[in-house]
Amino acid sequence: MKSWSGNKIAPTSNLQNRKIYLWGGSGDTTVGPNVMNALNSQLSNFDTSADVSYVTTSGAVHTFPTDFDGSGDNSCSMSSSPYISNCNYDGAGAVLKWMYGTLNARNTGTLSGTVVSFAQTGAYGAAGMDTTGYLYVPASCQSGTTVCKLHVALHGCLQSYSSIQMKFVQNTGYNQWADTNNIIILYPQAIPDNTLHTVWSGTQLSNPNGCWDWVGWYGTNADQIGGVQMVAIVNQVAQIMSGNSGGSTPTSTTTLATTTKPTSTTTSSGSTGTGAPLYGQCGGYGWTGPTTCAQGVCTAYSTFYAQCLLPL
């Protein structure tokens, strides 16, 4: 990670004082505890222990934990579809409260907001992704007058719409917390793919479970800035954050699919000047905010998003 920092991946300094939440079940034999233990240990090189929450739920298997019974969910001790279980543990609430601090009580009744579908095509789609993604937008965030947070919730393998329809969107509990706390939840969607691809190990593998790319199905840079799924999700986030008020949907460009390293576009005039803060947005489609940086260099990942980063 350190050798890739600020080059193939964003600077690892971004992890400093960043709230990170890890969860695992003691009965998980699909992934097991070793991977999560190793990740927790690795993060200790980049963040303080006070900013990393690592929780293990006794008896839980490979699942998304909740504290309520959702329609079609399975037992906490059963590792099967839809991999969402009442484990008497509010996973969504734990994540959101750890990241954002004290929240209003969740809405356990009829939600005020709306689930919106959008096209995951062009700049907003990529290999291994479905043609439709989803947003939960609370009523308070629909007028455009309230400043709302945006949280990206990625489903697991066998949890995309193609596998379990809307269960991940509706049964995980994110929407209940979002509804009362001005949080928009973005649910990008992967899709099962039975085509054989050469992965990082050099072997030929398909992706029948509709996982996000963690083995290199869709490019050797799948875990880097230019990975096609990474770029598509960043573009989705940038479009939502831009507050686009209309007009045609931007089309995909070659840059979106092939960029492996950002290019510098604007140099800051100093560390104490005006402009976007370090790691703040400084450009992109529909962006109306500052286009210079108070610190760092305005760095374009694509035509849709640019961020103030320290010079490489």
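**View 1. Alanine 153 and the contacts around it.** Setting aside neighbours within four places in sequence, alanine 153 is in contact with Phe168, Tyr174, Ile185, Leu186, Tyr187 and Pro188. A word before you look further: this is a predicted model. Alanine 153 is also among the residues with the most contacts inside the largest nonpolar core, a group that includes Phe168, Tyr174, Ile185 and Tyr187 as well.

View 2. Strand S1 (20–25), H2, strand S7 (132–137), helix H4 (167–171), helix H5 (174–179) and strand S9 (183–187) each supply at least two of its residues. Which element gives the most to this core? That is H2, with four residues. Domain 1 (1–103) and domain 2 (108–243) each contribute at least three residues.

View 3. Is each of them buried or partly exposed? Serine 53 is buried, with a relative accessible area of 14%, whereas tyrosine 54 counts as partly exposed at 28%. Leaving out residues up to four places away in sequence, tyrosine 54 touches Leu22, Pro33, Met36, Asn37 and Asn40. With its neighbours within four places likewise left aside, serine 53 is in contact with Ile20, Tyr21, Leu22 and Trp98.

**View 4. A polar contact between tyrosine 54 and asparagine 37.** Zoom in on the side chains for this one. The side chain of tyrosine 54 makes a polar contact with the side chain of asparagine 37, at 2.7 Å. The two residues are 17 places apart along the chain, and their C-alpha atoms are separated by 9.0 Å.

**View 5. The disulfide between cysteine 76 and cysteine 87.** How many disulfides does the model contain? The count comes to three. In the one shown here, cysteine 76 is joined to cysteine 87, with an S to S distance of 2.0 Å. The torsion about the S-S bond is about 105 degrees, so this disulfide is right-handed. Cysteine 76 sits in the loop between strand S4 (74–75) and strand S5 (84–86), while cysteine 87 sits in the loop between S5 and helix H2 (91–100), 11 residues apart. Cysteine 76 is buried at 15% relative accessibility, and cysteine 87 is buried at 9%.

**View 6. The disulfide between cysteine 141 and cysteine 148.** Cysteine 141 is joined to cysteine 148, S to S 2.1 Å. Its torsion is about -105 degrees, so this disulfide is left-handed. Cysteine 141 counts as buried at 11% relative accessibility, but cysteine 148 is partly exposed at 25%.

**View 7. The disulfide between cysteine 157 and cysteine 211.** The sulfur atoms of cysteine 157 and cysteine 211 are 2.1 Å apart in this disulfide. A torsion of about 125 degrees makes the bond right-handed. Cysteine 157 lies in the loop between strand S8 (149–152) and helix H3 (161–164), and cysteine 211 in the loop between strand S11 (204–207) and helix H6 (228–242), so the pair ties together parts that are 54 residues apart in sequence. Cysteine 157 is partly exposed, at 34%, whereas cysteine 211 is buried, at 6%.

**View 8. Helix H6.** Why can H6 be called largely enclosed by the rest of the structure? Because 11 of its 15 residues are buried. Among them are Val228, Val231, Ile233, Val237 and Ser242. The end C-alpha atoms of H6 are 21 Å apart, in agreement with the 21 Å its 15 residues should span.

View 9. Most residues other than glycine have a negative phi, and most peptide bonds are trans. The peptide bond from serine 81 to proline 82 is cis, with omega near 10 degrees, and proline 82 is placed in the loop between S4 and S5. Glutamine 165, in the loop between H3 and H4, has a positive phi of about 55 degrees and is partly exposed at 41%. Asparagine 182, in the loop between H5 and S9, has a positive phi near 55 degrees and is partly exposed at 28%.

Key:
Residues numbered from 1 in each chain as written. Predicted model: local features only at pLDDT ≥ 70, side-chain atom pairs only at ≥ 80, totals over all residues. Heavy atoms only, no water. Buried < 20%, exposed > 50% of the residue type's maximum accessible area, 1.4 Å probe, protein only. Contact = heavy atoms within 4.5 Å. Polar contact = N/O pair within 3.5 Å; in protein donor to acceptor, adjacent residues only side chain to side chain. Disulfide = S-S within 2.5 Å. Expected span 1.5 Å × (residues − 1). Core = buried A, V, L, I, M, F, W, Y, C linked by side-chain atoms within 4.5 Å. Domains from an automatic or database assignment.
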